[in-house]
Amino acid sequence: MLYGGSEANQKLVLGHPSGLFVLFFTEMWERFSFYGMRVLLVNFLTTAILTSDTVNFPGWGWSAENAGALFGTYAGLLYLTPILGGIIADKLTGYRWAVVIGAIVMTLGHVSMAFETEISLYVGLALLVIGTGFFKPNMTSIVSEIYEKVPQKKDGAYTIFYMGVNAGAFFGILICGYLAETKGWAYGFGLAGIFMLLGTFQFWLAKSLFGEIGAVPNNDKLEKNKQTSENSNPFTLKDKGLIFFTATIGLLFLLNDPSSKIAGINLLPENIAIFGSELSSSLQIVILALIAFLGLVISRIIRYQNIIRDRMIALVIFAVFTVFFWAAFEQAASSLVIFARDFTNRNLSGGLAITYKIVNAILTLTPLAILTYVLLKLYSQTKNKILGSNIILAVTFLSLWIVAIWMLKEEFFSIETQVKVSWFNILNSFFIIAFAPYFSKWWESKYNPSSAYKYAFGLVLLGVGFGFLAFGAMSIPQGAKTASISMFWLIAAYFFHTLGELCLSPVGLSQVSKLVPARMIGFMFGMWYLAIAIGNKLAGSLGGMIESVTSEYDMTTFFLIFTIVPIGAGVLVGLLNPLLKKLMHGIR
């Protein structure tokens, strides 16, 4: 058999094995639930307790700082738990059970958040973090094993899989955001959980397609993994001690930031003066942990031969710039939500209102029709093998059609046309789907730039997007709580941010697999996810500063920070291109 899995998995859908599209739809519903909740969280936390002319349902009235601290910690942990989830799947559960466990735990997390109490919110976020740890790394592992014998087709497979990610994000943001803003927050949080549960059922009922792929590891496989580990560069007692120290401090810092700001509970010592009394104790402890982690990375790298050592140094440099990118890009879930809600003119009338309604209908129905076509193709190839899974998928899509048509009808016949706060977030997924094929062709052409230049383009484009916001916000006076600037500036920002993401995001994980020797790839993947986690945590913390910066300076100053820093980082990584090419020793 050409592809991994059962004989039934050899039946092709759009040129790829049927199992890929089962994973496509599973990932789609997981991303539907994740992004559906993500776009609501900061909006819900910071919306005023009392309703007003611009707010349909009360929120908790938190400050942006507290909401940013909680979101940043949540987003940061989402990139750390997959490291443990992958290890557990390799040694105990197998990939398939890990995916199911993760999906069920995430479903419970969404259900918990629908109750809208403080304890249920924290429990829900904790369950989502744990569930993601099981789900996220093992879906891609199953895709990889399907194509183990045909690695040349992996790029195409991951492109299709990535479309599932963006389709789920698009509809999750669109539908959950609309329900939350028109019917109540619980409807948005709850719908995310319902589709997550249905996605779990369709995956489990299709398990026969995968054969032995992702099954519980047997003794032979465990022994082989053990021998491979023992023959690799082993972790010394010192290495393990540094890992434990840095991981413990990092976890305590992530939890301490929201707990100290929201509940006044400090998890870290308060009277530390390692680097003087000017810095806070928690920051000094984190600096110490970062120094220890840097020492760990350096001590590991210098044990390798020159070429391998140089390539890993290059990867560390890329990881540093990755932090800068995600710290700014993930403002989409924090400060840009507040900006869209409180400072953007979302009321439309006349021709603009009609145009918006038509565009929104096209944006909603066109991808839904395409996905339904793919579903029908999958059904035609697998109806005798995974009928139950196909029935569940049919139910989910029928439900999505019903909700989408109802939403469009409500919008079309409404007297007043107001663009929902969450609507702007769908632009990222839409632009990715629209422009990804062109970037793919660019990377395959003779004009394919180096990794350093891709990073440079990504960071500069990201900064340009914030530059549009900085210019558009010039009319907002210092300390203003509301304003009504054109939505053009926000749309332009999302456009350039997405172009930046398409330049930079696909490069990172690919570089890890290319630059790192197999015996250390697990450690370096962990380090890469750590860089993304730090970026997400910084995004929450920096986004939470929107109120303090605008009260002391103005909104333009706030966005100029995210304009200048990414552009400066982009120029710097571009200047480092000759050095990075030398360190990479021929790897592109």
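Colleague: Which residues line the largest cavity?

Modeller: Start with the general idea: rolling a probe the size of a water molecule over the atoms shows where empty space is left. Keep in mind that this is a predicted model. Here, the lining of the largest cavity is made up of Leu174, Gly177, Tyr178, Tyr356, Asn360, Met407, Glu411, Lys420, Ser422 and Trp423. Sorted by class, that lining has five nonpolar, three polar and two charged residues.

Colleague: Which helices supply at least two residues of that lining?

Modeller: Helix H5 (154–182), helix H12 (350–382) and helix H13 (387–413) each do. H5 gives the largest share, three residues.

Colleague: How many cavities of 30 Å³ or more does a search of the whole structure find, and what volume does the largest cavity have?

Modeller: The search turns up one, and the volume of the largest cavity is about 60 Å³.

Colleague: On to the helices. At what angle do the axes of H6 and H13 cross?

Modeller: The axes of helix H6 (residues 185–204) and H13 cross at roughly 155° and come within 8 Å. Angles over 145 degrees count as roughly antiparallel, so H6 is roughly antiparallel to H13. The crossing of the two is left-handed. On the H6 side, the contact uses Phe195, Leu198, Phe201 and Gln202, while H13 brings Ser389, Ile392, Leu393, Thr396, Ser399 and Leu400. That contact splits into six nonpolar, four polar and no charged residues.

Colleague: And how do I read H2 against H8?

Modeller: Helix H2 (residues 64–78) and helix H8 (residues 237–263) have axes that come within 9 Å and cross at roughly 160°. That angle makes H2 roughly antiparallel to H8. Their crossing is left-handed. Glu65, Asn66, Ala69, Leu70, Thr73 and Leu77 in H2 touch Leu251, Leu254, Leu255, Asp257, Pro258, Lys261 and Ile262 in H8. By class, this contact has eight nonpolar, two polar and three charged residues.

Colleague: What about H10 and H20: within how many Å do their axes come?

Modeller: For helix H10 (residues 306–329) and helix H20 (residues 577–584), the axes come within 7 Å and cross at roughly 140°. That makes H10 oblique to H20. From H10, the residues in contact are Ile307, Asp310, Arg311, Ile313, Ala314, Ile317 and Phe318, and they meet Leu580, Leu583 and Met584 of H20. Eight of the residues in this contact are nonpolar, none are polar and two are charged.

Technical notes:
Residues numbered from 1 in each chain as written. Predicted model: local features only at pLDDT ≥ 70, side-chain atom pairs only at ≥ 80, totals over all residues. Heavy atoms only, no water. Axes fitted to C-alpha atoms, helices over the stretch in contact; angles between N-to-C directions. Helix = DSSP H or I, 4+ residues; strand = E, 2+ residues; numbered from the N terminus. Parallel < 35°, antiparallel > 145°, perpendicular 65-115°, else oblique. Left-handed = near helix turned anticlockwise from the far one by under 90°. Contact = heavy atoms within 4.5 Å. Nonpolar A, V, L, I, M, F, W, Y, C, P; charged D, E, K, R; others polar. 1 Å grid on protein atoms, 1.4 Å probe; cavity = no way out; pocket = protein on both sides within 12 Å on 5 of 7 lines; lining within 4 Å. Points joined across faces, edges and corners; volume = space filled by probe spheres on them.
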